[in-house]
Amino acid sequence: MSGGADPRRAIFDAAVAACDPGLVLPAHLPDAPPRGRVVLLACGKAGAAMIAAAARRYRAAGLPPDRLQGLAVVRHGYGARDDDGLPPGIEVVEAGHPVPDEAGLAATRRVLTMAAAARPDDLVLALISGGGSANWVAPAPGVDLAEKQALTRALLRSGADIHEINAVRRHLSAIKGGRLAGLIRGRLESFAISDVPGDDPAAIASGPTVADPTTLADARAVLERYDVPPSPAIALRLRDPAAETPKPGDPAVDRRPFTLLARPADALAAAADAAARAGYRPVLLGSDLAGEARDEGTRQASLALAAQAEGHRVALISGGELTVTLRGDGRGGPNQEFALALAIALGGAPGIRALAADTDGTDGGAGAASDPAGALVDPDTLARARAAGTDARAALLRNDSTGFFQAAGGLFHPGPTRTNVNDLRVILVDPLPPAGTSVRA
């Protein structure tokens, strides 16, 4: 590699740092109202960092503690830290993700109560980030939490993408799809860190403060497309015209300010700068790639091999949200499955190394916060796995990318980053030395 160093972790860290809530949020926050309170309502994997940054900003500006109130609902493992310095009246609750749980349900009920209790002279700030769809869980009337949990699990296994899943979630919720905005009588401003392709505000945490462009018919079509049978109560809800979400033009949600603080494209730009500093020419493949992780891994391997054959030293950088259609009984998220398919297609090619990871610190949202964010691919990855008795193709057939990279020693564990701007994939390509050149291992 250029200079003999391995810059993959530095590239990842640069991408994450560019989207740190403490960096991107404070300058955008409005002044406190003259007499009312500031009410902070946060959700998602960046929720704790966002509410901490906002609370510090208002306390530093001299807002009295009795005029500052807040509640963040975040994924387990993504909660408050000692250095957040949360003042009295600001609370962080950890809850389930990607499948919602009772902790999220109880905390979301409190969020709804706080929103409804806000007075006209209060300022309510919605601090929204990816993961909020599972953290802010408030089943619509007639639907219980167990039914939503079962449907969420089925959709996650089905191969449906995030836009399709959120179309269903919005129509089964009392908070998503603009319904939170409809509860707030006074001033509401929303600030979001995007984890979705296209950065659509309605898709980030299922758009609790913005109008919903999808319909009940769209939600029903998703379930039909992926053969996910709804419970009787959910089926009834999705056929009730009164259950439709607020649409563009609805005065309850229109003209409410919405600020996008950080996007996947911002993370990729920072990654490209870090790659260039390491001596690689960055090639951006897009910040909103979609499709099957294994197919994209194979495709990008072809691009890397072609670049190497042409003698280029490049960093192929991409983002987006790939999917995994479960066919086997293994473990692993889309970044690990991408990396496994990439490794197979590269076939141990020298001079090509890669990192595929979710910027939130855990791959695809499944499992515990201590799970890997993704995986590293090196020229000897396949050989290390074989030496440990693990076959790459068999692992891919079983969707067992975690097991494969455990054997190969390539799991990537940065831990919860407390931000979330979707996936980051970096393939570093070094040209092969001229034929006959002696190369030290």
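An axis here is a line fitted to the C-alpha atoms of a helix over the stretch in contact, and the angle between two axes runs from 0 to 180 degrees between N-to-C directions. Keep that in mind while reading this predicted model. Two packed helices are described by the angle between their axes and the distance between the axes.

Start with helix H7, residues 162–170, and helix H9, residues 216–225. Their axes come within 8 Å and cross at roughly 125°. Angles over 145 degrees count as roughly antiparallel and 65 to 115 as roughly perpendicular. H7 and H9 are therefore oblique to each other. Their crossing is left-handed. On the H7 side, the contact uses Glu164, Ala167 and Val168. Across from them, H9 supplies Ala219, Val222, Leu223 and Arg225. By class, the residues of this contact are 5 nonpolar, no polar and 2 charged.

H7 has another partner. Helix H6, residues 145–158, has an axis that comes within 11 Å of the H7 axis, and the two cross at roughly 165°. That makes H6 roughly antiparallel to H7. This crossing is right-handed. Lys148, Leu151, Thr152, Leu155 and Leu156 of H6 touch Ile165, Val168 and Arg169 of H7. The classes here are 5 nonpolar, 1 polar and 2 charged residues. Look for Val168 in both contacts: it meets H9, and it also takes part in the contact with H6.

Helix H1 spans residues 8–17. Its axis and that of H11 come within 7 Å and cross at roughly 145°. The crossing is right-handed. Ala10, Ile11, Ala14 and Ala15 of H1 meet Ala267, Ala270, Ala271, Ala274 and Ala275 of H11. This contact has 9 nonpolar residues, with no polar and no charged ones.

Which residues of H1 are buried? They are Arg8, Ile11, Phe12, Ala14, Ala15 and Val16. These buried residues pack against helix H11, residues 264–277, and against strands as well. The strands are E9 (352–358), E10 (374–377), E11 (411–412) and E12 (423–429).

Next, zoom in on single residues. Thr108 sits in helix H4, residues 102–117. Is Thr108 buried or exposed? Its relative accessibility is 0%, so Thr108 counts as buried. Its side chain reaches the backbone oxygen of Gly104 at 2.6 Å. Leaving aside neighbours within four places in sequence, Thr108 is in contact with Asn135, Trp136, Val137, Ala138 and Ile175.

The loops hold details too. Between strand E3 (90–95) and H4 lies a loop that contains Pro98. The peptide bond from His97 to Pro98 is cis, with omega near 0°.

Another loop runs between strand E5 (187–193) and H9, and Asp199 is found there. Phi of Asp199 is near 60°, a positive value in a residue other than glycine. Asp199 has 18% relative accessibility, so it counts as buried. Ser206 also has its place in the loop between E5 and H9. Phi of Ser206 is positive as well, near 65°. At 0% relative accessibility, Ser206 counts as buried.

Finish at Asp380, in the loop between E10 and helix H14 (381–387). Asp380 is partly exposed, with a relative accessible area of 37%. Asp380 and Ala408 are 28 residues apart along the chain, and their C-alpha atoms are separated by 8.7 Å.

Key:
Residues numbered from 1 in each chain as written. Predicted model: local features only at pLDDT ≥ 70, side-chain atom pairs only at ≥ 80, totals over all residues. Heavy atoms only, no water. Helix = DSSP H or I, 4+ residues; strand = E, 2+ residues; numbered from the N terminus. Parallel < 35°, antiparallel > 145°, perpendicular 65-115°, else oblique. Left-handed = near helix turned anticlockwise from the far one by under 90°. Contact = heavy atoms within 4.5 Å. Nonpolar A, V, L, I, M, F, W, Y, C, P; charged D, E, K, R; others polar. Buried < 20%, exposed > 50% of the residue type's maximum accessible area, 1.4 Å probe, protein only. Polar contact = N/O pair within 3.5 Å; in protein donor to acceptor, adjacent residues only side chain to side chain.
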